[in-house]
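Have the structure open as you read.

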Number of protein chains: 2
Amino acid sequence: MRFETSTIKDIAKALGLSTSTVSRALRDRYEISEETKKVVLAYAEKVNYRANPIARSLKERRSYSIGIIVSEIANNFFSQVINGMESIAYARDYHVIIAQSHESSKQEKLNVEHLASRSIDGLLIALSSETQDISYLKDLYQKGLPIVFFDRVPDNFETHKVIANNFKGSFDATEHLILSGKRTIAHLTNSETLSITKERLAGYKAALAKYHINFNPELVKYCQHGGMHSAELEDAVKELLPFKPDGIFISSDRLTTGCIMALKKSSPEVAHKIAIAGFTNSSLVDLFSPSLTSVKQPAFEMGQVATELLISMIEAKRPITEFETKVLDTELVRMQKNVGNPFL
Amino acid sequence: MRFETSTIKDIAKALGLSTSTVSRALRDRYEISEETKKVVLAYAEKVNYRANPIARSLKERRSYSIGIIVSEIANNFFSQVINGMESIAYARDYHVIIAQSHESSKQEKLNVEHLASRSIDGLLIALSSETQDISYLKDLYQKGLPIVFFDRVPDNFETHKVIANNFKGSFDATEHLILSGKRTIAHLTNSETLSITKERLAGYKAALAKYHINFNPELVKYCQHGGMHSAELEDAVKELLPFKPDGIFISSDRLTTGCIMALKKSSPEVAHKIAIAGFTNSSLVDLFSPSLTSVKQPAFEMGQVATELLISMIEAKRPITEFETKVLDTELVRMQKNVGNPFL
DNA sequence: AAAAAGTGTGCAATCGTTCCCAAAAACGTA
DNA sequence: TACGTTTTTGGGAACGATTGCACACTTTTT
C-alpha cells in the first residue's frame, strides 16, 4: 500500500549530487549554478518528481493549507463562499480543508482542533448558531494561528472579519414588505446569540420605525439550531400564525426555505397570502412557489475577501495590530409577480 | 507564527524516559509496564499532549485522510453524499479532504494529484462529465492508492464501485410520465460518455418500449458540461420545444433544476403544461413551480457504503482481487398535484 | 603574489514520530 | 551461584525535506 515516488535523495543519488544541492535547485534558492539547476530540473521533470508536502510541513511547521469551518456545505450561501475561498487559495498555492459544524458548537470545536493539529496555516470560520464560548479559538489565536471570521462573527475578538451589510439588507427587505402594503410583519431568525441575528433584527426594527409601525417582540421568533431541526421551524411558524402576519422577514438561507416549506405544510391556505422576504443565496428562488423577495449576499466575494485577508495575515512578517471588518453590500431581488402562477 | 505544543520528546525529558518508551506508552504497543504507561498517560493528559499528525504521516507513510472528488459541493446530491462519507470516516478516525472538479477533467486531474501528493490513504471519486481519460487514475491505483468510484463510474476500471440503480430509477420515472398520459417524452441528460447517462438512457428507452412508444433520438439532448453553463441548457430546451413534448425526463440534479429554470425563462406559457420528472436530491422540490416528479438517490447511504468499501481496501492486509459494484435503489417521489397552485 | 571576496557544493542537524535492535533489569530454574 | 528466559527500557536510524555552516574553488582587489 505504499507509493513509489522519487524523493530528493533519489535524484541526488542519480545525479551524483548532495540532497542540499538538489533541494536548492528545486526551490530556486541561494546561489546555485545555472548549469546544475538545469540538470536537476530536467531530471526532476523526467522522473515526475513531486515534493512531499508532508515532509515539508514537518520541517517548515506549516502546511500551505487553510481550514474552513461552516455549519453546512449543503447550503447555497456557504457553498458559494467556499468557492470564493478556493479561487483565491488555489491561486496563491494554498489548498483548503473544509469541515462542517452542523450548527453544533461541540462539533465545531472538535473540527477546529483537528485542523489545528494538522498544522493548518490559518482558519476561516463562520460560527455555529450554538456557539457561545470561543475561548478555545482565542487560545489558538494567541498561540499564533491566524483566524479570519466571516458571516457569523464574534464581537469580542480582535481580528479581521468579513460580513455582509446585514443591517441594510434587512432594512431594505423589511421596507420592501412595508411598501407593498404589509403592516404585520413577522421576523423569523437565527439563534439570538449570533452577530448576524442582532444586526438583522436591528435593520428590521429600523425599517418598522421609519414607517411608524410598532415593534412587537412576539412577532420575532428565534431558532436556536438555525433550522437544522424541522420541528423547530414548524413550531416557530405555528406560533406566528395566530398573529395573522401579512408579511414575514426571514434572516437566513436555511430558515427561509425551511419556513416556506413549513408554511406550505401546516397552512397551505395562507401560504400564498403572506408576503415573504428572506436572506437566501439559492439559485432556485425563481422556481419557488410561493415566490419571495430575497436578500442575496455576495457570497463568492465574501469568500475571496476573507481568504485574501487570511493569507495576508499568514504571510505577514510582523504581528498585525490593525484589523479591519469588511462590510459587503447585499442585493435585494424583488419577487417576480408572475412567477409561481401556473396559468402563465 | 509557531505553535507551542508539547512533543513526545518533551514528555520523555520531563519524565526521565526515552522517547521510545513514551511513544510505546502512548500508542499502547509492544510490551510496556502498566506503571510507566500510567505515568506517561497521566503526564500527557496534564500537558494536553496531541500527537503531531504530520510527523506521524511522514513516518508511517499514511495520513488517515481520505480524498473526495465531486463536481460541485453546491449540489444537493453531492453534499448529501459527502455527509454520508464524513459520518463513516469520522467514526473510523479518518478525516476527509474535499475537492471540486467543477465538471472539468483538467481540474479533476489537478485535484487528484494534489491530494495524492498529500498522502491521502484512499480516494472517493465521481468523475466529471468531461472526463474521458482515466489513465492517471489507473497509474495511481497501480502505485497502491485505493480508489472507490461512486455515482459516475468508469467501466474499464476494476475496483469497488457504488452506484444508484439508474436503470430502474429512469424506468420508473419514465413509466410514471407515460401512465399520466404523456406520449411525447423528451430526455434531457448529461454528457454522453458518463456511465449514469448510458444507464439512465437505457431505462428511459425500456419504459418507452414497454408501452410501445417509438424511441425518437431527436428527443434526447445531451449536455456536455452537465448544465454548468446555462446557455448549454437553454439551447437544449430550445431545441426540444419544437417537438412539442408533453413530458420531459431529466437525468441529473443540476440539469433538472436548470431545465425548469430555462423552461420558465424561455417559454413560461408552456412550462406548466409539460410534465417533468427528473433526478434530483433537492430538499426544496416541494417548493418548485411547476412541480415535478423526482427520482431521489440514496445519497447519504451511497457515501457511507463507498467509504466503508474504501476503508476496507485501505486497511486490507493483502491485495484485494474481488471487487463489488453496489447498486442502491432510488426512490420515486410523485408530483403533488396541489403543490404549485397558488390558490390552495 | 597574497589576501579578500564571491560562488557553488556538501555535511549534518532538524522537524516529531515510530520501531528495530540491543542492553538492562527482573525473574525462574538447576 | 550461574545461567537462561522474559519483560521492560533506551539508543538511534529512519521518513523527506530545508538550511546554517564550513569548505573548496574561482575571481577580484590591493
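## A glutamate and its partners

In this predicted model, the side chain of Glu103(A) makes a polar contact with the side chain of Arg152(A) at 3.0 Å. The Glu103(A) side chain also reaches the backbone nitrogen of Ser129(A), at 2.7 Å.

Where does Glu103(A) sit? You'll find Glu103(A) in the loop between β2 (95-100) and α6 (105-117) of chain A. With a relative accessible area of 5%, Glu103(A) counts as buried because that is under the 20% cut-off. Leaving aside neighbours within four places in sequence, its contacts include Ser71(A), Ser128(A), Glu130(A), His225(A) and Met228(A).

## Where the chains meet

Now for the interface: 60 residues of chain B are in contact with 59 residues of chain A. Between them the two chains bury about 5,500 Å², with 62% of that on carbon and sulfur atoms. The salt bridge count between chain B and chain A is 0, but 9 residue pairs are in polar contact across the interface.

On the chain B side, the elements that each supply at least two residues include α5 (76-91), β2 (95-100) and α13 (299-314). The largest share, 6 residues, comes from α6(B). Sorted by type, the chain B side has 29 nonpolar, 20 polar and 11 charged residues.

In soluble globular proteins, nonpolar side chains tend to be buried together. Here the largest nonpolar core has 81 residues, and Phe288(A) and Phe288(B) have the most contacts inside it. Apart from that core lies another of 60 residues, with Ala306(A), Val70(B), Met85(B) and Ala299(B) among them.

Note on methods. Residues are numbered from 1 along each chain as its sequence is written. Chains are lettered from A and ligands numbered from 1 in the order in which they are written. This is a predicted model: local features need pLDDT of at least 70, side-chain atom pairs count only at pLDDT 80 or more; totals for chains, interfaces and linings use all residues. Side-chain values use heavy atoms; hydrogens and water are left out. A nonpolar core is a set of buried Ala, Val, Leu, Ile, Met, Phe, Trp, Tyr and Cys residues joined through side-chain atoms within 4.5 Å. Buried means under 20% relative accessible area, exposed over 50%, partly exposed in between (1.4 Å probe, protein chains only). Contact means heavy atoms within 4.5 Å. Buried area is the accessible area (1.4 Å probe) that two parts lose on being put together, summed over both. A salt bridge is a side-chain nitrogen of Lys or Arg within 4 Å of a carboxyl oxygen of Asp or Glu. A polar contact is a pair of N or O atoms within 3.5 Å; within protein, one must be able to donate a hydrogen and the other to accept it, and residues adjacent in sequence count only if both atoms are side-chain atoms. Helices (H or I, at least four residues) and strands (E, at least two) are DSSP runs, numbered from the N terminus. Ala, Val, Leu, Ile, Met, Phe, Trp, Tyr, Cys and Pro count as nonpolar, Asp, Glu, Lys and Arg as charged, and the others, Gly among them, as polar.
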